[in-house]
Amino acid sequence: MLVKDPLSLDRIRQILVRLEDTIIFDLIERAQFAHNPRIYIRSSLQELKDMSYDGSWLEWFLKEIETFHGSFPNYG
């Protein structure tokens, strides 16, 4: 028995039809969160200023995530 091509358009269409409700539901759920432009503006949060950090909250968050991930050795 031959295995179907996993990248055929017919197979992708079938998968997307099955996932359609999930995708739409997740988009609706995500749209309920308000957009917060302050996280993109440098020096807009007093908490970061108090830590002597003058970047945006997003920059701080990404820096902290990278620092955290960098503290673990690679297992590869």
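Let me begin with Ser56, which touches Ile39, Tyr40, Ile41, Arg42 and Leu48, leaving aside residues up to four places away in sequence, where contact means heavy atoms within 4.5 Å. This is a predicted model, in which local features need pLDDT of at least 70 and side-chain atom pairs count only at pLDDT 80 or more, while totals for chains, interfaces and linings use all residues. Residues are numbered from 1 along each chain as its sequence is written, and side-chain values use heavy atoms, with hydrogens and water left out.

Ser56 sits in the loop between helix 2 (46–50) and helix 3 (57–70), where helices (H or I, at least four residues) are DSSP runs numbered from the N terminus. Is Ser56 buried or exposed? Ser56 counts as buried because its relative accessibility is 4%, given that buried means under 20% relative accessible area, exposed over 50%, and partly exposed in between, with a 1.4 Å probe and protein chains only.

Now to the charged side chains, where the count comes to three salt bridges, each being a side-chain nitrogen of Lys or Arg within 4 Å of a carboxyl oxygen of Asp or Glu. Arg42, one of the residues that Ser56 touches, forms a salt bridge with Glu59, and their closest N and O atoms are 3.0 Å apart. This pair links distant parts of the chain, since Arg42 lies in the loop between helix 1 and helix 2 and Glu59 in helix 3, 17 residues apart. Arg13 pairs with Asp10 at 3.2 Å between the closest N and O atoms, and these two are separated by about one helical turn because they stand three residues apart in helix 1.
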